[in-house]
Amino acid sequence: MQEVFAIGATYFLQKPVDRQKLSILFRTVSGGMLENRRKYIRVPLQTEVTCMVGSRTIRGRTWNLSQGGMQTEAAGLRAKDTVRVSFRLPVSGVSIEAAGTVVWANETRQGIQLTNVTAPNQQSIRKYIAEVEKD
């Protein structure tokens, strides 16, 4: 047991498995998993994106998409920028336009939280995510 904890184990369950201990372990682990869970599922999406920040137009690529936001690679975006994004969903070809805020940025990538998406565009995003998850 000391060996497994020394190399990074968080929990240890001995055989034969005791139902009561397993139940306690499950409740302990599931609480932490729920706290660390993302609010929205992210799916891969690599497509061109146009970002408007004030009068500046920045072109880049998306890396992933969720109902609440996207990860992009668009040089020139900075944390706290208010941005309008536009991109096309693959297969359906639906054009998405939305407003958002850059919530984090590093040298190469940025995270944009979508703050204003029309109901039809939100539905198209949901449908796209469901299709990707299904595959």
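Tutor: Lys and Arg count as positive and Asp and Glu as negative, while His and the chain ends are not counted. The place of a charge is NZ of Lys, CZ of Arg, CG of Asp or CD of Glu. The model is predicted, so local features need pLDDT of at least 70 and side-chain atom pairs count only at pLDDT 80 or more, whereas totals for chains, interfaces and linings use all residues. Residues are numbered from 1 along each chain as its sequence is written, and side-chain values use heavy atoms, with hydrogens and water left out.

Student: How far apart do the centres of the positive and negative side chains lie?

Tutor: There are 19 positive side chains and 11 negative ones in the protein.

Student: In what order do the secondary structure elements run from the N terminus?

Tutor: Helices (H or I, at least four residues) and strands (E, at least two) are DSSP runs, numbered from the N terminus. The protein has 3 helices and 7 strands. Read from the N terminus, the elements run α-α-β-β-β-β-β-β-β-α.

Student: Is the protein more spread out or less spread out than a compact globule?

Tutor: The radius of gyration is taken over C-alpha atoms, and the globule rule is 2.2 Å times the number of residues to the power 0.38. For 135 residues the rule gives 14 Å, and the value for this protein, 20 Å, is well over that. The C-alpha atoms fill a box of roughly 65 × 30 × 20 Å along the principal axes.

Student: Does N64 count as buried or exposed?

Tutor: Buried means under 20% relative accessible area, exposed over 50%, and partly exposed in between (1.4 Å probe, protein chains only). N64 lies in strand 3, residues 56-65. Beyond four places in sequence, N64 is in contact (heavy atoms within 4.5 Å) with R42, V43, P44, L45, M70 and Q71. Its relative accessibility is 14%, so N64 counts as buried.

Student: How is V94 classed by accessibility?

Tutor: V94 sits in the loop between strand 5 and strand 6. Leaving aside neighbours within four places, V94 is in contact with F87, R88, L89, N121 and S124. Its relative accessible area is 27%, and therefore V94 is partly exposed.

Student: What is the phi of V91, in the loop between strand 5 and strand 6?

Tutor: V91 has 91% relative accessibility and so counts as exposed. Its phi is positive, in a residue other than glycine, and is near 65°.

Student: What is the phi of K80?

Tutor: K80 is in the loop between strand 4 (69-73) and strand 5, and is exposed, with a relative accessible area of 73%. K80 is a residue other than glycine with a positive phi, near 80°.

Student: How far is F5 from R126, C-alpha to C-alpha?

Tutor: F5 is in helix 1, residues 2-6. Not counting residues up to four places away, F5 touches T10, Y11 and F12. F5 and R126 are 121 residues apart along the chain, and their C-alpha atoms are separated by 41 Å.

Student: How far apart in space are T10 and G54?

Tutor: T10 is found in the loop between helix 1 and helix 2 (19-36). T10 and G54 are 44 residues apart in sequence, and their C-alpha separation is 48 Å.
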